Amino acid sequence: EIHIKEPIEKEVNPHLLPGELLLCEASTVYKYVQEDGSNRGTYGKLVCTNFKISFLDDDSASDDNEPQFKNKIVGENDITLQCVDQIYGVYDEKKKLLTGQLRKYPETLIIYCKDLRVFNFCLRYTKEEEVKRIVSGIVHHSQTPKLLKRLFLFSYASAAPNNADGRNQTVMFETLEDWRDELERTKGNVKYKAVTTNEGYRSLEQIPYVGEFTYFSHLINVFLQIWCWSCHNGAALLKMSSFPKEQDDSTSQMQKAFLDGIYKTISKPPYELLKMDDLSSSLPSLQDIQTAYTRFKQLFLIDNSTDFWASDVKWFSLLESTNWLEIIRRVLKKAIEVAECLEIQHTNVLLIEESATDLCCVISSLVQVMMDSYSRTKSGFQSLIQKEWVIGGHSFLDRCNHLHKSEKEEAPVFLLLLNCVWQLVQQYPPAFEFTETYLTVLSDSLYVPIFSTFFFNSQHQRDTNKSGESLKTQSGPFRFLTVWDWSVQFDPKALAFLNNPLYAEKPKPDRSQRKTARFKHQRQLSLPLTQAKPSTKRGFFREETDHLIKNILGKRIGKFINSSDEPPNSLREFYDTWHSKPVDYHGLLLPRIDGPEIKVWAQRYLRWIPEAQLHGGGTIATAAKILDLMEEVQSLQVKMDEEHSQAVSGDVHSVPLLRNSARLSSLFPFALLQRQSVKPALPTSTWKDLEDEDDLVKRDDEFVDLSGDML
């Protein structure tokens with residue numbers, strides 16, 4: 001039985017952005033909303049532009065009942081071309097991956113998105129010619145390799161007026177002055193200085209250099225120690241590319257000259273105390289990270305209740321088999337190790353990686369979030385991403401595979417950072433000025449090609465492609481938007497969801513707060529407590545240091561690098577000692593990484609699954625009560641201080657008022673964009689087998705409460 005909503009009679013046209021062109025369209029397309037086994041849905045028009053795939057129905061023409069949290073660029077039925085993950089066609093009830101030229105066209109089109117949405121479009125009632133055009137167009141424009149300047153980013157930049165918000169406080173680190181200010185802020189200018197060695201990209205390939213080794217920078221391209229951040233005690237966090245394993249004689253001579261320069265410098269301050277960590281050997285490879293995430297996301301790419309409840313029975317084993325949470329745990333542990341070295345040992349740390357633009361960015365960013373309260377503010381976190389990732393040369397184009405050139409280079413490195421930061425946000429909410437909703441929309445912005453932030457491999461590439469001479473309509477350089485201007489995507493009412501109303505403005509070292517920070521475990525979002533895998537390392541940085549001394553820096557400078565003489569349990573002692581004390585929300589933060597402390601980022605991964613939502617419950621219910629209380633306190637403040645009534649009353653509207661929280665979902669504000677959940681479809685083959693069991697409650701690994709398994 002098919003529940004049909006009559007086709008729309010009035011013409012609905014897509015809302016096109018500046019520079020956006022309609023490429024193909026198909027009418028009488030039926031969009032399924034599969035929830036309880038019935039083929040419910042609605043008729044509409046499916047269109048493809050040079051920016052997005054969009055489904056238009058009669059609701060698209062109405063502004064009634066708009067959700068509180070609405071993206072002005074990408075609607076709930078819009079999919080940017082860069083957000084398309086895979087496309088399947090259904091032929092005689094069999095799914096087939098669609099790529100390249102098609103000989104036969106499917107009856108149903110299934111689009112899996114990188115933000116984990118799943119769209120099902122039935123083409124059975126669409127004209128054959130329209131089916132050919134829309135299917136071929138979608139597959140071609142979203143799956144085939146393309147040139148950089150064919151991205152919608154350039155079309156939009158050449159056609160849209162640049163109305164950037166001048167109030168953006170994010171430091172872009174595009175000028176020497178920005179780097180000098182950062183050195184001064186962290187007191188790093190006592191030992192380091194910003195230089196213009198790389199001005200014009202004559203010697204360095206990707207990033208401006210901050211440090212002391214300027215006198216031999218012309219010898220080696222990117223093999224320099226790059227300053228990242230300085231601790232309050234003067235210890236610095238540095239990063240450097242490793243030497244290639246295979247090299248010719250001329251490169252060897254350059255390397256020798258480089259090592260001589262290090263030898264002359266490393267024996268005097270501030271480099272006399274230095275520990276090195278080769279992240280390529282101490283952390284999972286990019287391929288391992290990609291494999292784990294590919295398995296992990298399959299748990300959430302669900303478009304019907306039957307599959308959901310069938311997989312729900314084996315949730316724990318499936319989750320553990322992905323190894324995604326274990327990778328997050330290992331990355332957080334590495335960040336704790338580096339923090340211990342900087343904070344306790346007062347020793348400089350040098351992170352080394354093949355390009356110093358992937359895992360180096362993850363660890364250096366995490367360390368700064370943990371140790372620097374400025375990085376836990378919204379502007380500070382955005383400035384951190386600019387410094388370590390955008391200007392730091394992370395290959396967003398390749399890692400996100402925006403151009404579909406090579407899947408071998410694809411890896412969710414930036415998403416791994418956001419997952420790690422989310423662990424800290426949900427463990428210590430008052431320490432962060434931003435919310436998990438902020439992190440979620442930031443992850444979504446990876447696939448919105450109107451911002452240049454995540455669509456280049458380096459600042460060099462961005463600068464060299466700013467010229468608009470190749471476009472007839474462009475007389476000057478492109479003026480790209482930055483993702484940090486959130487007003488482009490959201491109106492002020494929606495922006496309020498990105499700010500944490502419970503952010504602790506001032507540190508309050510009170511033991512009672514330490515207890516309130518420990519929230520009850522949500523076991524279904526994490527793995528059961530198990531013994532952590534024993535580390536194969538002999539000590540803190542011991543093997544990595546020995547390896548680097550022999551193979552990278554040579555034996556001559558080995559005597560200047562501290563060996564790891566601390567006992568093996570020093571890291572655990574540091575970890576346990578910190579957690580035994582009250583939390584200073586403006587001081588050092590260490591994530592809890594034991595057992596079920598590492599959780600699934602529910603808002604991002606479960607927001608499109610109605611069966612996983614708890615209506616009228618979850619954190620949104622608590623938030624609603626707290627915000628009501630805050631509103632009452634603020635109202636009393638207005639009455640007590642009439643002179644500042646306007647300023648205070650303005651603050652009242654700075655947080656969203658969540659009335660009738662019983663109508664909201666635990667995954668608000670995203671759940672409002674999706675269908676309402678219905679009762680679970682229990683009579684699946686899996687559950688039929690379980691119906692005969694008398695004592696399901698005792699079977700921990702096979703049964704989870706139906707009312708909120710993944711919550």
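**Exercise 1.** With which residue does Glu597 form a salt bridge?

*Solution.* Start with the ground rules: this is a predicted model, where local features need pLDDT of at least 70, side-chain atom pairs count only at pLDDT 80 or more, and totals for chains, interfaces and linings use all residues. Residues are numbered from 1 along each chain as its sequence is written, and side-chain values use heavy atoms, leaving out hydrogens and water. A salt bridge here is a side-chain nitrogen of Lys or Arg within 4 Å of a carboxyl oxygen of Asp or Glu. The partner of Glu597 is Arg592, with the closest N and O atoms 3.4 Å apart.

**Exercise 2.** Is Arg399 buried or exposed?

*Solution.* First, the cut-offs: buried means under 20% relative accessible area, exposed over 50%, and partly exposed in between (1.4 Å probe, protein chains only). Arg399 has a relative accessible area of 10%, so Arg399 is buried. Next, look at its salt-bridge partner, Glu409, at 3.1 Å from N to O. Glu409 comes out at 37%, so Glu409 is partly exposed.

**Exercise 3.** Which residue pairs up with Lys239 in a salt bridge?

*Solution.* It's Glu388, and the closest N and O atoms are 3.1 Å apart. Lys239 sits in strand E10 (residues 236-241) and Glu388 in helix H11 (residues 378-390), so the pair links distant parts of the chain, 149 residues apart. Helices (H or I, at least four residues) and strands (E, at least two) are DSSP runs, numbered from the N terminus. Finally, check burial: both Lys239 and Glu388 are buried.
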